[in-house]
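This report covers the fold, the confidence and the salt bridges of one protein model. The sequence and structure come next.

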Amino acid sequence: STPTQLLPFLLLLARVYSTYGDDDDDLLTFKLNNGIHIPLVGMGVGNLQHELIPQVVSANLMPAQDIRLIDTAHNSHNEQILGQAVASFDAASRVQTRGGGGGSSDKPPPLHVLTKVWYTHLGYERTKISVQESLDQ
């Protein structure tokens, strides 16, 4: 590759790259139209065995892992399990805060849970129903 061929990629990377929180925190993110920065790298649980999800989520949300994005899909039929695992971890993290020393009152960094609408639910009304079903889980 020549430098000219790499230029579009480097410009995209420069646009996407931003720090998320502290100056020490070099997390690759993308800025959405609403101003929220969403991580570009995360953990997928779509094909994970359902009984393993709580353990895997808990282990990967620990501060040392720095996971701030979890990806699943409506058709994986695990959104409710994932939601319960995240809620359980969130409740536990309020006792032992993340990101700071022992007893720190630092607020944990935001966690983004991404799900996808299955192709059979496309179209405005069907998509609204699918999104609401995911939120209810």
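How many helices and strands are there in the protein? The protein has four helices and five strands, where helices (H or I, at least four residues) and strands (E, at least two) are DSSP runs numbered from the N terminus. Read from the N terminus on, the order of elements is α-β-β-β-α-β-α-β-α.

The model is predicted, so local features need pLDDT of at least 70 and side-chain atom pairs count only at pLDDT 80 or more, while totals for chains, interfaces and linings use all residues. Residues are numbered from 1 along each chain as its sequence is written, and side-chain values use heavy atoms, with hydrogens and water left out.

**Confidence.** The mean pLDDT (the predictor's confidence in each residue, from 0 to 100) is 76 for the protein, and 69% of the residues reach 70 or more. Residues 16–24 have pLDDT below 50, and beyond near neighbours in sequence this stretch makes 19 contacts in the model, a contact being heavy atoms within 4.5 Å. For residues 95–103 the pLDDT is also below 50, with 13 contacts beyond near neighbours in sequence.

**Overall packing.** Of the 137 residues in the protein, 24% are buried. Here buried means under 20% relative accessible area, exposed over 50%, and partly exposed in between (1.4 Å probe, protein chains only). Among contacts with a separation of 6 or more, 58% are between residues 24 or more positions apart. The accessible surface of the protein is about 9,500 Å², and carbon and sulfur atoms account for 56% of that area; accessible areas come from the Shrake-Rupley method with a 1.4 Å probe.

**Salt bridges.** Searching the whole structure gives two salt bridges, each defined as a side-chain nitrogen of Lys or Arg within 4 Å of a carboxyl oxygen of Asp or Glu.

| Salt bridge | N to O distance |
|---|---|
| Aspartate 71 – lysine 116 | 2.6 Å |
| Glutamate 125 – lysine 128 | 3.8 Å |

What does the pair of aspartate 71 and lysine 116 tie together? Aspartate 71 lies in strand 4 (residues 69–71) and lysine 116 in the loop between strand 5 (112–114) and helix 4 (124–136), so the pair links parts that are 45 residues apart in sequence. Aspartate 71 is partly exposed at 23% relative accessibility, and lysine 116 is partly exposed at 38%.

Glutamate 125 and lysine 128 are both in helix 4, three residues apart, which is about one turn of the helix. Lysine 128 has a relative accessibility of 42% and counts as partly exposed; glutamate 125, at 48%, is partly exposed.
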